[in-house]
Amino acid sequence: MQKKILLLGSGELGRELSISLQRLGQYVIAVDSYAGAPAMQVSQAFEVINMLDGAALDQVVAKHKPDLIVPEIEAIRTERFYEYEKQGITVVPSAKAANYTMNRKEIRNLAAEALKLRTAKYQYAKTAAEFSEAVEKIGIPCVVKPLMSSSGKGQSIVKTKADIEKAWKYAMEGSRGDYAEVIVEGFIKFNAEITLLTVTQKNGNTLFCPPIGHRQERGDYRESWQPFAISPSDLREAEMMAQKVTQALTGAGIWGVEFFLTDEGVYFSELSPRPHDTGMVTLAGTQNLNEFELHARAILGLPIPEIVLERVGVSAVVLAEENGKNPLYSGLEDVLKEPQTDVRIFNKPTTRPYRRMAVVLTYDKIGTDINKVKEKAISLSKRLSVKPGEPI
Ligand SMILES: Nc1ncnc2c1ncn2[C@@H]1O[C@H](COP(=O)(O)OP(=O)(O)OP(=O)(O)O)[C@@H](O)[C@H]1O
Ligand SMILES: [Mg+2]
């Protein structure tokens, strides 16, 4: 069985997915907006296009006639996916899932209204006047997000009335495309946030990975760890919610379902119908199959007999600090001297401030205090540094 797979998005997650697919004998065409992207380096073919351009997307699909289209990012003209499904192509996990999850309004309406999942209070606003009204209704503090954005772009917290005007402007600037609408959410004072990796299968039950804890800063994750200690009742609630929302969105694959844990129970936050960045912790061998191997099997309809925790692990990110190209890494020897430690360098051709360039992975046997494993990952991630080899 060899499938032709069009991978839309060729970052570090796509790279690991492509490697997993290659190992199962598949053919991958990696797509992104620039040449030399991480997944292109490990795939059989590549295409460079703007994936928000529907005509460009149509052209690539017509040229390669893939069996599967596998989105790795959100910023794609996902409306076209319905048409590709009509042509008999499998969109992973489904056109509906990819299309709904790129718009916070679609997914929130589905989760909160249709499925009655517990979420933060929310209001939408299309104009500055509607926005002030929405903030009034939700109350301060509240979180403001463009409906179309990811990685925290355009997102801010309104802490006092004085923040209202700049939060609106910031959201408009951070909005993807020409879509000028925001969601205002009540601020959840969570004790922790988790990702519940959920696997839906063509023939088989929905499976759950042990929960992953993570810490966010500036809209991106800095460390993630697995397993995250959670009460059995919270876990049951999160799994029920993940089951409902993935079932409603349909299709097979891995999903990163994000939750806030509070004293009042579990809140559904959002989900991505693909491997999740915090799930890179599974590259530390925390599970018998990492999230990319799980996704590869699920989208190919191959069996997943079980998901088992094998060790505890942590991933800590390494970010670039400046603009440049041909990055050079130092400290690799120093970091890899440590036992139970590994590194993934993504081989991105250019750097810019805060761009994620690598992760440090640490692990230990089940039962080890995760905080110790985390401290080690954090301190090692500071010893692995990246500098541009040449100015841009
Ligand atoms: N209502 C809320 N109350 C408190 N904190 C929040 C709320 N919404 C979001 N956050 C914080 O902001 C982070 C990013 O929010 P969210 O996941 O909705 O945005 P995103 O841009 O889609 O992020 P990503 O694409 O990186 O997952 C969350 O992980 C959480 O730490
Ligand atoms: Mg998120």
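1. Let's start at ligand 1: one of its oxygen atoms sits 3.1 Å from an N or O atom in the side chain of Arg104. Taken alone, ligand 1 exposes 610 Å², of which the protein buries 90% (Shrake-Rupley areas, 1.4 Å probe).

2. A word on the basis of this note: the model is predicted, so local features need pLDDT of at least 70 and side-chain atom pairs pLDDT 80 or more, while totals for chains, interfaces and linings use all residues. Residues are numbered from 1 along each chain as its sequence is written, chains are lettered from A and ligands numbered from 1 in the order written, and side-chain values use heavy atoms, without hydrogens and water.

3. Around ligand 1 there are 18 residues, and the closest are Lys145, Gly152, Glu185, Glu193 and Glu270 (a residue counts if one of its heavy atoms lies within 4 Å). Five residues of this shell are nonpolar, seven polar and six charged; here Gly counts as polar, and Asp, Glu, Lys and Arg as charged. Strands β7 (142–146), β9 (182–186) and β14 each supply at least two shell residues (strands are DSSP E runs of at least two residues). Domain 2 (121–186) and domain 3 (192–390) each give at least three, with bounds from an automatic or database domain assignment.

4. Glu258 belongs to strand β14 (residues 253–262) and Glu270 to strand β15 (residues 265–272), 12 residues apart. Glu258 is buried at 13% relative accessible area, whereas Glu270 is partly exposed at 25% (buried is under 20%, exposed over 50%, partly exposed in between; 1.4 Å probe, protein chains only).

5. Two backbone details deserve a look. The peptide bond from Val92 to Pro93 is cis, with omega near -15°, and the bond from Ile140 to Pro141 is cis as well, with omega near 5°. Pro141 is in the loop between α6 (128–138) and β7.

Technical notes:
Helices (H or I, at least four residues) and strands (E, at least two) are DSSP runs, numbered from the N terminus. A polar contact is a pair of N or O atoms within 3.5 Å; within protein, one must be able to donate a hydrogen and the other to accept it, and residues adjacent in sequence count only if both atoms are side-chain atoms.
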